[in-house]
Amino acid sequence: MSFVDDFASHWRSKPLNKGAHLVHQGQPESDEFILLDGCLASSICDQDGKEVCVGLYVGPCVVTPNIARTRGAVSLVSIQATREASIYWIDTDRLTSLMIESEPIRNWANGILRDALSEKAEREWCLAALGGAERLNWFRQAFPSHEDIFTHSLIASFLGITPVTMSRLRAR
């Protein structure tokens, strides 16, 4: 376990105020993030300015790995704090070097990537295969505390339904 202290020494911390952006869609991005405390929401904005929530994070957790949220070192998403947050970050290339040097770090990082891809695939299945009520039930099972943490309009966006539909489904 001696590698843990060395591994931790490569990460840097920063606080994030509610409403502050961790990353911006379309901007250069080369870091990996751990959300130690707080809440974040990841979104994509289309050309017409319509924003769609694609990820919700409650600390402590790892934010979706860089490789899954960037293309050509440019962020595909914006990530914003929905509550004050405490972030740890490391440059992606530095983490890659550490993974090459250490099997436990490599196994940890590969596990994080597998989990992130599995979560994304499950959400895609939900959006493609389920109706509104079933999506809300899936959300409640997959993220039991999130309904009390995030705004209902953000959850509706994450589920691909309108806020009005979300309100009606919750009233049932």
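This is a predicted model: local features need pLDDT of at least 70, side-chain atom pairs count only at pLDDT 80 or more; totals for chains, interfaces and linings use all residues.
**Salt bridges**

The structure contains two salt bridges. In one of them, the side chain of glutamate 147 meets that of arginine 140, with an N to O distance of 2.7 Å. In the other, the side chain of glutamate 147 meets that of arginine 170, at 2.6 Å from N to O. This second pair connects distant parts of the chain, since glutamate 147 belongs to helix α6 and arginine 170 to helix α8, 23 residues apart. Through shared partners, the salt bridges join Arg140, Glu147 and Arg170 into one network. Side chains of opposite charge can pair when their charged atoms come close.

| Residue | Relative accessible area | Class |
|---|---|---|
| Glutamate 147 | 12% | buried |
| Arginine 140 | 33% | partly exposed |
| Arginine 170 | 35% | partly exposed |

Glutamate 147 is classed as buried because its relative accessible area of 12% falls under the 20% cut-off. Arginine 140, with a value of 33%, is partly exposed, and so is arginine 170, with a value of 35%.

Helix α7 spans residues 152-159. Within this helix, Ile155, Ala156, Ser157, Phe158 and Leu159 are buried. Just after α7 comes glycine 160, which adopts a positive phi of about 70°.

**Threonine 70**

Threonine 70 lies in strand β7, which covers residues 70-71. The relative accessible area of threonine 70 is 13%, and the residue is therefore buried, the limit for this class being under 20%. The side chain of threonine 70 reaches the backbone oxygen of asparagine 66 at a distance of 2.8 Å. When neighbours within four places in sequence are left aside, threonine 70 is in contact with Glu29, Ser75 and Leu76.

Note on methods
Residues are numbered from 1 along each chain as its sequence is written. Side-chain values use heavy atoms; hydrogens and water are left out. Buried means under 20% relative accessible area, exposed over 50%, partly exposed in between (1.4 Å probe, protein chains only). Helices (H or I, at least four residues) and strands (E, at least two) are DSSP runs, numbered from the N terminus. A salt bridge is a side-chain nitrogen of Lys or Arg within 4 Å of a carboxyl oxygen of Asp or Glu. A polar contact is a pair of N or O atoms within 3.5 Å; within protein, one must be able to donate a hydrogen and the other to accept it, and residues adjacent in sequence count only if both atoms are side-chain atoms. Contact means heavy atoms within 4.5 Å.
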